[in-house]
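These are my notebook entries on a structure I was asked to look through. I record what I looked up and what I found.

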Amino acid sequence: MTEPNTSNAVLVKKLVLAVVCMFGFGFALVPLYDVFCDLTGINGRQINRVDASQTQLIDKSRLVKVEFATFTGQLSGWRFEAVEPFVSVNPGQMKAVKFRLVNLNKDTANIQAIPSVSPGTAGLYLNKLECFCFEQQLINPSSETEFVMQFFIDTALPKNIKVMTLAYTLFEVENQAVVYPAQEQNNDRS
Amino acid sequence: MLIKTKHLLNILLLVFCFPLAASETATSSINLREGVTDISHQVYDLHMTIFYICCVIGLVVFGVMIYSMIFHRKSRGAKAANFHESLKVEIAWTVVPFVILIGMAIPATKTLIAMEDADESDLTIIVTGSQWKWHYEYQGHDIDFYSLLATPEQQRSGQWIKGDTYLLDVDRPLILPINKKVRFLMTSDDVIHSWWVPDFAVKKDANPGFINEAWTKINEVGTYRGQCAELCGKDHGFMPVVVEAVSEADFENWLLSEKDKILQAKAEEQKWLAMNMSKDELMLEGQQVYTAYCAACHQANGQGLPGAFPALLGSPYVTGPVDKHIEIVLNGKSGTSMQAFAKQLSLKQIAAVVTYERNAWGQNSGDLIQPKDVNQIVKSGL
Amino acid sequence: METSLPTHSDNHAAHHGPAKGIKRWLFTTNHKDIGTLYLWFAFIMFLTGGAMAMVIRAELFQPGLQIVEPHFFNQMTTVHGLIMVFGAVMPAFTGLANWLIPLMIGAPDMALPRMNNLSFWILPFAFLILLMSLFMEGGGPAFGWTFYAPLSTTYSGDSTALFVFSVHIMGISSIMGAINVIVTIFNMRAPGMTWMKLPLFVWTWFITAYLLIAVMPVLAGAVTMVLTDKYFGTSFFSAAGGGDPVLFQHIFWFFGHPEVYIMILPAFGIISAIVPTFSRKKLFGYSSMVYATASIAFLSFIVWAHHMFTTGMPVAAELFFMYCTMLISVPTGVKVFNWVATMWRGSISFEVPMMFAIAFIILFTFGGFSGLMLAITPVDFQYHDTYFVVAHFHYVLVTGAIFSLIAATYYWLPKWTGVMYDNKLAKWHFWCSLISVNVLFFPMHFVGLAGMPRRIPDYSIQFADWNQIISLGGFAFGLSQLIFLALLIKACRKKGEPVPAKVWDGAEGLEWDLPSPTPYHTFSTPPKIK
């Protein structure tokens, strides 16, 4: 036998450590994925939550059409719509749009709106100052609520993107303890 | 000797039957179809190019191999040579494939970039998948409808002869204009589905909670059929996609007539609210609705699939108070496959199916539910 | 267990052979016994998974629903996939590793013999749990072997818990097997057995073992997340709670793509042993084979998303994964070219192992070609989730991995049993398998291109003719494997001509210096390496 450089015990320990690390890595992929999405715009799921100090100069040379799509998913007894189906804005221009949510049910519900942007890369340049999707919303029965969403398009938006779609899907959250709130990320790229 | 010749024959047969097969036309049952859009033609050309490249590589590699199998056989007295490496050859067969790959990557990249550019479309269709049907919404036109499999159950179970469009027929196809850039926004209400029309070379996953986009520009009038392409549960094989492409003028007319129909339906619904339907009417319509919307899970006999989908026969919803029964049909049960049918069915249909469920399969509760009863439950929510 | 130095136990055990009866198998720490157990277990699982494939093909024999319900059909495709991947191919390769690695590197046994016993004996329980879940109310797992969320979370039955538990056990077993292989190759090589003298089978398994250690824990993580999403209120994969179903696919395929190479790299090692033997010529380009294996292993970590082109990735990501995937064909091509160059100007004879090896090279290359076609993203949109993909991975896994396993069995079986198997039966097995496997899988390319999605229990009538042929091929391929079973039983009962130590005249390697059948204990004193 060749003289082993390392004893079996040491080697096994190293390998077991590698296994444990890779198990951890599997879970680390979850936050890594968010970072990755933030960088590449996979799935258009990132929200760039900014504050007023991060506003930009308005780029008047072009207009971007921002369309809104609303989905109630599996919920029933809800009406959810954008007051204006689309807006045209200059990059850098602050814009506030309204969404109307009608609860036709007899129960109070805890609602979470999940945003998604298409094309995915456009999501990188959608900066929101205010959005009902930032947190869960407690909605009274038989009520009508109006939400304001305030945003501006980053002036760095690639020239070839002229239209983007912002979709919201409603979900009812039964238990308030959401273990993994990955959606909201601060982005201070600007 | 005989065996060896057979072996060779087999290999030759395999190598040659693929190109033969591929040389047939667009309607071929053994090759990709060329489709009816510019993109689908590009995709087809790419497919054929790569296929022919593979054939050439295959012929060269297998040719050399077969040559040595014939001429370098021990039984022929071949003596083994001694070489076992050659840097030049090894570099060559690393570099040459690499160059071929670059040659393939260039057209592929071009096509891909064109496929992913859904900007500046003329019409947007919001496609929503749910177990096991598609929902289409014409953005900005106030038109939306569900599209369900229309192949009769009797064809599936073999009682009737299967038609030409077996499993590829829907009750309401998606109507699209030709020569217009149509954008699709995909999403799903439950699990992941995938919307696929081979003739457009469009296949995109519908992910719950997220939107995806794809686009097409159809060149020819016609009916194009596809299927869901992502396993989405029990009836994954039974949610076809049918698109009817019509001329631009026909499309405009269709939009108008569709808007008319919606108004008529609303008027009709008011009428139904005022009158009482007979048991026979309710049961007849109820059975139709049940077969189309409920039987996939709860089964035609109402007994469900134990452990997966609950039985209706003997269920407390069906034997208990009518209100609860109507409510669950209207609102579904979250976290399960039971969908909210308020969005999918009219008041009359819901009344009929609830009546049917309470009186079918040997039950005879005598409960008759009228559209106005359903309307009351809907309204009482407010 | 790590400290049980082989030299220590060896002198002691050399005096008596194996224990008698069932205890021999339950408590064995002998690498040959454990190898045999793994191989038989894998074969039984192969037949079990095969039986499910027969159910699938019987249902698809003609359009319409005849034999099974769609829900049960989905369970069959799911469990067929799981059993074939985790129950047949992977344990069979581990069995070969157990039998051959110590013999090839001149070691008396595996480095960790008791862990070896454990890693085998937990395996039957994993599959027992999986198979029993089929009999639960609501049936077994029905979401495909890829168990995409949310179909496997919110929308699955309670058998999911059993499925998760079972996958955990399979994973633990594989990881223990991989650790054992690595430690053995590191520490147990005979003096003079330097790295670049290792037979390629040992090399490919060494790299495979690292792949296993890297990705099996990720799979364990993925199933754990599915379990907590389903039962404990987390939302890794549910949009409602801030998760993302597509994330599941990223995690799964981060495991899944290296997994593909786990199932094929050892096959490359086997073919690299058989082709030189029957060409009576040294393997062409040994070192480039080693580097090609390593680069395939490396590339396998950066191509996973080519399984997910339709999920809606940005163009840049699609291009990146397309280019990387295409790149894999370069080292894979090098391997095929090396095998052909090994045959070139050799002195070739066509014994049964060689016949399977040649079939492997040609048919695996077919799978490689369709793989290259699938790599091209724009065209993949058309191929994705159709029978074209089914044809592709069955060419790679059945005529690839399984054929290499059969070739290995025919190559080393006489060494293990000491008798030559029934060559006539073996040739029957080869020709029946070769013809039927192509009748089975080749037309799948056609129906796939013509537009038939995979995982559907019923199909449009335009696909009917080919599906009938496919099903007939399937039944014939299934029956052909019974010839193999008969042959194996006969060989294990030692019916046949005794063979010399060097069974094949062109064979090279330490194992051929040992007497046939291989004694229960070998290399108690390390061999001399030239």
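**Entry 1: cysteines**

I began with A:Cys133, which is buried at a relative accessible area of 2%. I note at the outset that the model is a predicted one. Which residue is joined to A:Cys133 by a disulfide? I found A:Cys131 as the partner, with an S to S distance of 2.4 Å. The link between A:Cys131 and A:Cys133 is right-handed, with 125 degrees about the S-S bond. I then looked up the burial of A:Cys131 and found a relative accessibility of 4%, so this residue counts as buried.

I next turned to chain B, where B:Cys54 takes part in no disulfide. The nearest cysteine sulfur to B:Cys54 belongs to B:Cys55 and lies 7.1 Å away, whereas a disulfide needs the sulfur atoms within 2.5 Å. B:Cys54 is buried as well, with 3% relative accessibility. How many disulfides does a search of the whole structure find? I recorded one over all chains.

**Entry 2: chain B as a whole**

I counted the secondary structure of chain B as ten helices and ten strands.

I then looked at burial and contacts. Of the 382 residues in chain B, 53% count as buried. Among the contacts of chain B between residues at least 6 apart in sequence, 63% join residues at least 24 apart.

For the surface, I noted that chain B exposes about 16700 Å², with carbon and sulfur atoms supplying 58% of this area. I also recorded 33 positive and 42 negative side chains in chain B, the centres of the two sets lying 10 Å apart.

**Entry 3: B:Asp235**

Is B:Asp235 buried or exposed? I found 6% relative accessibility for this residue, so it counts as buried. B:Asp235 is located in the loop between β9 (222–227) and β10 (240–246) of chain B. Setting aside neighbours within four places in sequence, I listed the contacts of B:Asp235 as B:Trp132, B:Ala296 and C:Pro70.

**Entry 4: backbone geometry**

I looked up cis peptide bonds next. One such bond joins A:Ser118 and A:Pro119, with omega about -5 degrees. A:Pro119 is placed in the loop between β6 (109–118) and β7 (126–130) of chain A. In chain C, the peptide bond from C:Ser516 to C:Pro517 is also cis, omega being near -10 degrees. I placed C:Pro517 in the segment after α17 (464–492) of chain C.

For B:Trp361, I recorded phi near 55 degrees, and I located B:Trp361 in the loop between α9 (347–359) and α10 (371–380) of chain B. For C:Arg280, phi is about 50 degrees. C:Arg280 belongs to the loop between α10 (265–279) and α11 (286–299) of chain C. With a relative accessible area of 18%, C:Arg280 is buried, the cut-off for that term being under 20%.

Terms used:
Residues are numbered from 1 along each chain as its sequence is written. Chains are lettered from A and ligands numbered from 1 in the order in which they are written. This is a predicted model: local features need pLDDT of at least 70, side-chain atom pairs count only at pLDDT 80 or more; totals for chains, interfaces and linings use all residues. Side-chain values use heavy atoms; hydrogens and water are left out. Helices (H or I, at least four residues) and strands (E, at least two) are DSSP runs, numbered from the N terminus. Buried means under 20% relative accessible area, exposed over 50%, partly exposed in between (1.4 Å probe, protein chains only). Contact means heavy atoms within 4.5 Å. Accessible areas come from the Shrake-Rupley method with a 1.4 Å probe; for residues, only the protein chains shown count as cover. Lys and Arg count as positive and Asp and Glu as negative; His and the chain ends are not counted. The place of a charge is taken as NZ of Lys, CZ of Arg, CG of Asp or CD of Glu.
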